[in-house]
Amino acid sequence: MSTAALAGSCPECETDLTVPPMVHGETLSCPECMLTLRVEDVRDGVLTLQMVEVQLRDWGQ
Ligand SMILES: [Zn+2]
């Protein structure tokens, strides 16, 4: 594994993002639109990101 940053783009505002190495399932916030994005796939240094639906009531208690 290299320490190179990963590239991706926000599915909402299409901002190009460069982030530290992440793995499937991790989340980050888009600096432009502030949406929470989840890593769906990492391939050849390129992230596939998906918006996270905020449904707090469906989790936990
Ligand atoms: Zn965005």
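This is a predicted model: local features need pLDDT of at least 70, side-chain atom pairs count only at pLDDT 80 or more; totals for chains, interfaces and linings use all residues.

## Elements and overall composition

Of the 61 residues in the protein chain, 8% are buried. When contacts between residues at least 6 apart in sequence are considered, 26% of them join residues that are at least 24 apart.

Strand β1, which covers residues 6-9, pairs with strand β2, residues 16-19, in the antiparallel sense, and four bridges connect the two.

Glu14 belongs to the loop between β1 and β2, and its phi is near 65 degrees, a positive value in a residue other than glycine. Is Glu14 buried or exposed? Because 10 other C-beta atoms lie within 10 Å, and a residue with 12 or fewer is classed as exposed, Glu14 is exposed.

## His24 in the loop between β2 and β3

His24 is placed in the loop between β2 and β3, the latter strand covering residues 27-29. With 11 C-beta neighbours inside 10 Å, a count that falls within the limit of 12 or fewer, His24 is classed as exposed.

Which residues does His24 contact once its neighbours within four places in sequence are left aside? The contacts of His24 are then with Val39, Asp41 and Val42. For Val42, which is 18 residues away from His24 along the chain, the separation between the C-alpha atoms is 6.9 Å.

## Met34 and Thr36

Met34 lies in the loop between β3 and β4, where β4 covers residues 36-43. Although Met34 is not a glycine, its phi is positive, at about 70 degrees. Met34 is also exposed, because 9 other C-beta atoms are found within 10 Å and the limit for that class is 12 or fewer.

Thr36, by contrast with the loop position of Met34, is found in strand β4. The count for Thr36 is 13 C-beta neighbours inside 10 Å, so Thr36 is described as partly exposed, the class between the exposed limit of 12 or fewer and the buried threshold of 20 or more. Apart from neighbours within four places in sequence, Thr36 is in contact with Thr27, Ser29 and Val52. The C-alpha atoms of Thr36 and Leu49, which are 13 residues apart along the chain, are separated by 9.6 Å.

How values were computed. Residues are numbered from 1 along each chain as its sequence is written. Two residues are in contact if their C-beta atoms, placed from the backbone, lie within 7 Å. Two strands pair if DSSP finds at least two bridges between them.
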